Amino acid sequence: MHMFKGLQKLRPAGRLLREVDANNLPRHVGIIMDGNGRWAKKRGLPRSAGHRAGAQNLKTITEFAGNMGIRYITAYAFSTENWKRPKEEVDALMQLLLEYLRDKEQLAGKNVTIRVIGDRSALSDEINHEIDVIEDYTKDRDGMVLYLAINYGGRQEIVKAVRELCEQVEAGALAPGDVTEEMLSQRVYTDDVPDVDLIIRPSGELRLSNFLLWQSAYSEFWFSDINWPDFSPRDFTQAILDYQNRNRRFGGV
Ligand code: IPE
Ligand code: IPE
Ligand code: MG
């Protein structure tokens, strides 16, 4: 069943990998990188140490997923609601983000195209600049595409799309009755990606927390109690296996 090239690189998944069907991989996987704070607390470390460990793990998982043949990953790094956190924590997260954006290979690995989604207007000029640089630097790569969701909120994204359509209506270019689902899909940040097939949320929380609301209409969900910094290639492989055992009906029979 398996037909993976470069098996060596997939070794961390061990025997489990043999069960994965390379012809039935999710095209687009969403990851809610949650549990960094609890990971740190358990070890008596500051929350920022958890965020650092979580950021490192993103590289491990994206490289592994890319080698497995996953084409798109969207990783939730900072939500539109995360500004509610204490200023020190928000500052530490933004600092970490800046560091990772600057260290281009560190963020995701060699053959990964990086794109940032979310409302960039609230991010600093420095961060915006680094986002432009890394998106440009990685744009011609042909491996996987990593969408990094920063100041991302599903509702904010839908409002953004609706506003764009309203502007067209106002300009007389569109009648309200002609608005279609496809038009909305073309105006969310993930306009050029298939809807998310599988959403992974570690850390024990069983909710979306405003992640990919529009794109998750028919997603499969995979939850686990593992905190994100401990989420391993083996866990990722298990999530893929469970996904492959689901029966996706999309409303049919
Ligand atoms: C996820 O980890 C990272 C962000 C939301 C930025 P948390 O910081 O939410 O970790 P917990 O949920 O408090 O353990
Ligand atoms: C979701 O985690 C956002 C990210 C992982 C970036 P949160 O920790 O913010 O979610 P809630 O508050 O538990 O719902
Ligand atoms: Mg959390």
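**Entry 1: the shell of ligand 2.** I began with ligand 2 and found that strand β2 (residues 72-79) supplies the largest share of its shell, three residues, a strand being a DSSP run of E with at least two residues, and a helix a run of H or I with at least four, both numbered from the N terminus. The model is a predicted one, in which local features need pLDDT of at least 70 and side-chain atom pairs count only at pLDDT 80 or more, while totals for chains, interfaces and linings use all residues. Residues are numbered from 1 along each chain as its sequence is written, chains are lettered from A and ligands numbered from 1 in the order in which they are written, and side-chain values use heavy atoms, with hydrogens and water left out.

I then listed the residues around ligand 2, among them Ile32, Met33, Tyr76, Ala77, Phe78 and Arg201, where being near means having a heavy atom within 4 Å. Sorted by class, this shell holds five nonpolar, two polar and four charged residues.

**Entry 2: polar contacts of ligand 2.** I looked next for pairs of N or O atoms within 3.5 Å. Oxygen atoms of ligand 2 lie 2.6 Å from a polar side-chain atom of Ser209, 2.9 Å from one of Asn82 and 3.2 Å from one of Asp34. Ligand 2 on its own has 390 Å² of accessible area, of which the protein covers 78%, as computed by the Shrake-Rupley method with a 1.4 Å probe.

**Entry 3: ligand 1.** I turned to ligand 1, which has 13 residues around it, with Asp34, Gly37, Arg38, Arg47 and Arg85 coming nearest. Helices α1 (36-42), α2 (47-68) and α3 (87-102) each supply at least two residues of this shell, and α1 gives the most, with three. By class, I noted three nonpolar, five polar and five charged residues around ligand 1.

At Gly35, a polar backbone atom is 3.4 Å from an oxygen atom of ligand 1. Taken alone, ligand 1 exposes 380 Å², and the protein buries 87% of that.

**Entry 4: a residue in both lists.** I noted that Asp34 and Arg85 are among the residues surrounding ligand 2, and that both are also among those coming nearest to ligand 1.

Conventions
Polar contact = N/O pair within 3.5 Å; in protein donor to acceptor, adjacent residues only side chain to side chain. Nonpolar A, V, L, I, M, F, W, Y, C, P; charged D, E, K, R; others polar.
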